[in-house]
Amino acid sequence: VEPFATKLNFPVDVAFGEKGEVFVAEAGLHTYGIEKPNHATPAEIVQLMPGGTKKTVYDTVVPLADVRKHDSSKDMPEGLIPPITGLTYHGGKLYVSHRSRVSVLDPKTGLGLTGRRSAT
């Protein structure tokens with residue numbers, strides 16, 4: 001076994017685009033019970049680029065205050081609710097499963113995570 005990608009924090013899933021693009025879901029740490037969330041690694045979707053660099057595709061996280069004040073994730077603002085638990089690619093879109101949501105993301109524009117700013 002040899003490494004395919006390094007310098008990642010908590011990769012939980014990988015998806016491949018139609019042209020061989022490589023997307024990785026970084027779970028991010030669950031920070032909702034932590035007093036100092038700045039110690040947590042971020043939840044994000046990244047694209048692995050040639051040469052080993054990575055490009056952030058999406059990294060907006062729902063603020064803790066919004067998570068606490070809403071009974072349902074459908075009422076929360078757009079963003080990831082850590083941890084990310086899965087990622088798949090289909091028909092030009094990334095499908096991201098994260099705490100109580102499955103969201104759709106256009107990897108080219110970074111839009112449409114909750115469907116409120118859909119790129120299509």
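**Figure 1. Confidence across the predicted model.** The pLDDT is the predictor's confidence in each residue, on a scale from 0 to 100. For this protein the average pLDDT is 82, and 84% of the residues score at least 70. Over residues 115-120 the pLDDT stays under 50, and for this stretch the model has 15 contacts beyond four places in sequence, where a contact means heavy atoms within 4.5 Å. Because this is a predicted model, local features need a pLDDT of at least 70 and side-chain atom pairs count only at pLDDT 80 or more, while totals for chains, interfaces and linings use all residues. Residues are numbered from 1 along each chain as its sequence is written, and side-chain values use heavy atoms, with hydrogens and water left out.

**Figure 2. The open sheet with the strand order 5-6-7.** This sheet has 3 strands with antiparallel pairing; helices (H or I, at least four residues) and strands (E, at least two) are DSSP runs numbered from the N terminus, and two strands pair if DSSP finds at least two bridges between them. Strand 5 (84-90) and strand 7 (101-105) are the edge strands, each of which pairs on one side only. On average, and with direction ignored, neighbouring strands of this sheet are turned by 20° against each other, the axes being lines fitted to C-alpha atoms, for helices over the stretch in contact, with angles that run from 0 to 180 degrees between N-to-C directions. In general, strands of a sheet pair through backbone hydrogen bonds, either parallel or antiparallel.

Figure 3. Strand 5 pairs with strand 6 (residues 93-98) in the antiparallel sense over 6 bridges; Tyr 89 stands opposite Leu 94 in strand 6, and the bridge partner of His 90 in strand 6 is Lys 93. The hairpin of strand 5 and strand 6 has 2 residues between the strands, and Gly 91 in this hairpin takes a positive phi near 60°. Strand 6 and strand 7 also pair in the antiparallel sense, over 5 bridges, and here Tyr 95 stands opposite Val 104 in strand 7. These two strands form a hairpin with 2 residues between them, and Ser 100 in the turn has a positive phi of about 65°.

**Figure 4. Asp 106 and its partners Lys 93 and Lys 108.** Asp 106 lies in the segment after strand 7, and its side chain meets that of Lys 93 in a salt bridge of 3.4 Å, N to O, a salt bridge being a side-chain nitrogen of Lys or Arg within 4 Å of a carboxyl oxygen of Asp or Glu. This pair links distant parts of the chain, with Lys 93 in strand 6 and the two residues 13 residues apart. Asp 106 has a relative accessible area of 12% and Lys 93 one of 14%, so each of them is buried, a word that stands for under 20% relative accessible area, whereas exposed stands for over 50% and partly exposed for values in between (1.4 Å probe, protein chains only). The side chain of Asp 106 also reaches the backbone nitrogen of Lys 108 at 2.9 Å.

**Figure 5. A salt bridge between Glu 26 and Lys 54.** Glu 26 forms a salt bridge with Lys 54, and the closest N and O atoms are 3.7 Å apart. Because Glu 26 lies in strand 2 (residues 22-26) and Lys 54 in strand 4 (residues 54-58), the pair ties together parts that are 28 residues apart in sequence. Glu 26 counts as buried at 1% relative accessibility, whereas Lys 54, at 37%, counts as partly exposed. In strand 3 (residues 44-48) lies Gln 47, which counts as buried at 12% relative accessibility. Leaving aside neighbours within four places in sequence, Gln 47 is in contact with several residues, among them Phe 23, Lys 54 and Val 57.

**Figure 6. Helix 1 (residues 64-69).** The side chains of Asp 66 and Lys 69 meet in a salt bridge of 3.3 Å, N to O, and because these residues are 3 residues apart in helix 1, they are separated by about one helical turn. Asp 66 counts as buried at 15% relative accessibility, whereas Lys 69 is exposed, with a relative accessible area of 57%. Val 67 also lies in helix 1 and is buried, with a relative accessible area of 14%. The C-alpha atoms of Val 67 and Ile 81 are separated by 8.1 Å, although these residues are 14 residues apart along the chain.

Key:
A polar contact is a pair of N or O atoms within 3.5 Å; within protein, one must be able to donate a hydrogen and the other to accept it, and residues adjacent in sequence count only if both atoms are side-chain atoms.
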